[in-house]
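I opened this model to look up a few things and wrote them down as I went.

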Amino acid sequence: MFDTNPFHDLLGFLTPAIMQAYIVLMFLAVIGGTIIDTIHKKSAKYFFENAQKAQQSARRTVSGGEKASLAIATLTNEVLTSSEFCNPQRRMSHLLTMYGFIIFVVTTVTLIFGYPTPAEATPGILVTLWHIGALMVCVGGYWFWFFIRCDVNSEGKPWYKLVRADLFIVSLLATTSFALAWSFGHSYVFWGTLFFILFVTSSTVLFTTVLWSKFAHMFFKPAAAYQKKVTKADGSQENLPDLGELTDAELQAKYPDIPTYMGETPAYMGLGIKRESPNHY
Ligand code: HEM
């Protein structure tokens, strides 16, 4: 099972051309959904206007070389190692989901385009990786769904309460779970057919609902993380004030309400919202 191409089982009723056409259609749906999303929410317009506004309040010019190193830092930190997550469990679950999904998508495309019929012997490692990718999404995704996400962990909502924002995670988990169920049950006609229909239905939902789901965050988040780094490097700081020591005379001269309300030597106020995990419900 872990070394036979699962898509070869479909050849009795689906041709390789149909499977390949489905992949192309899903690819176009993601591109189209992302473009329409960008136009509809005016996010690109807002993003560039905001970047221009930030440039006007820049205190120094960031050179091309510096921008390139910021882009590399974004790639190695925020993109490849999910460094934006402060909670180590959430970071680990995101890494599992992200790399699992990439492995699953790349191996699916390779199996369907590279080894369409049994005439091209499929390397067993590809099929194993397809299963591992799906399993990684399931482990990271169910961990997130049942234990980590704030609706459940911080707000005490039951895990089965669904809202539209869950479209991405639910269709993603359904896709990889039914893919695995189909692979395990394919030798039984009833179960094999049922799980295959559910697998295709959920993957169609995942790839055709980009406009309404969080799918496109994988394209937008890297751009936002890079832009944030630029605003720090050029000193514009998204028009936010410097965060200094409250006892600093220069800071107090700039913001005279600090000594007015808190005295000249304001006490240390503690960790604030970071002092403990937010799950008081
Ligand atoms: C294959 C690519 C990716 C997959 C499958 C993926 C998956 C996910 C999932 C399942 C969530 C939770 C969504 C929810 O709250 O329902 C999430 C959130 C998040 N992802 Fe990703 N992700 C990917 C790529 C990326 C990349 C490239 C970045 C950053 C550069 C990123 C940054 C984030 C952040 C910051 C959040 C939390 C923000 C939020 O909940 O809206 N992700 N991701």
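My entries follow, topic by topic.

**Ground rules.** I am working with a predicted model, in which local features need pLDDT of at least 70, side-chain atom pairs count only at pLDDT 80 or more, and totals for chains, interfaces and linings use all residues. Residues are numbered from 1 along each chain as its sequence is written.

**Domains.** I checked the domain assignment, and it gives domain 1 (6-233) and domain 2 (241-274). Such bounds come from an automatic or database domain assignment. I then looked up the separation of their centres, taken over C-alpha atoms: 43 Å for domain 1 and domain 2.

**Ligand shell.** Which residues come nearest to the ligand? I found Met98, Phe101, Ile169, Met218 and Lys221, out of 18 residues around it. A residue counts as near when its C-beta atom, placed from the backbone, lies within 6 Å of the molecule or strand.

Next I asked which helices each supply at least two shell residues. They are H3 (64-81), H4 (88-114), H7 (167-185) and H9 (217-233). Helices here are DSSP runs (H or I, at least four residues), as strands are (E, at least two), numbered from the N terminus.

By class, I noted 9 nonpolar, 3 polar and 6 charged residues in the shell. The classes are Ala, Val, Leu, Ile, Met, Phe, Trp, Tyr, Cys and Pro as nonpolar, Asp, Glu, Lys and Arg as charged, and the others, Gly among them, as polar.

**Helix packing.** The axes of H4 and H5 come within 7 Å and cross at roughly 150 degrees. That makes H4 roughly antiparallel to H5. Their contact has 17 nonpolar, 11 polar and 1 charged residues. The crossing of H4 and H5 is left-handed.

For these entries, axes are lines fitted to C-alpha atoms, for helices over the stretch in contact, and angles run from 0 to 180 degrees between N-to-C directions. Under 35 degrees is roughly parallel, over 145 roughly antiparallel, 65 to 115 roughly perpendicular, and the rest oblique. A crossing is left-handed if the near helix is turned anticlockwise from the far one by less than a right angle, and right-handed if clockwise.

I then looked at H3 and H9. Their axes lie 9 Å apart at an angle of about 130 degrees, so H3 and H9 are oblique. The crossing of H3 and H9 is right-handed.

**Positive phi.** Most residues other than glycine have a negative phi. I logged Lys42, where phi is positive, near 55 degrees. Lys42 sits in the loop between H1 (16-40) and H2 (43-56). Is Lys42 buried or exposed? It counts as exposed, because 10 C-beta neighbours lie inside 10 Å.

Ser82 has a positive phi too, of about 45 degrees. Its place is the loop between H3 and H4. Ser82 counts as partly exposed, with 19 C-beta neighbours inside 10 Å. My cut-offs are 20 or more other C-beta atoms within 10 Å for buried, 12 or fewer for exposed, and partly exposed in between, with C-beta atoms placed from the backbone.

**Leu11.** I found Leu11 in the segment before H1. Leu11 is partly exposed, with 14 other C-beta atoms within 10 Å. The C-alpha atoms of Leu11 and Pro118 are separated by 9.5 Å, while the two residues are 107 apart along the chain.
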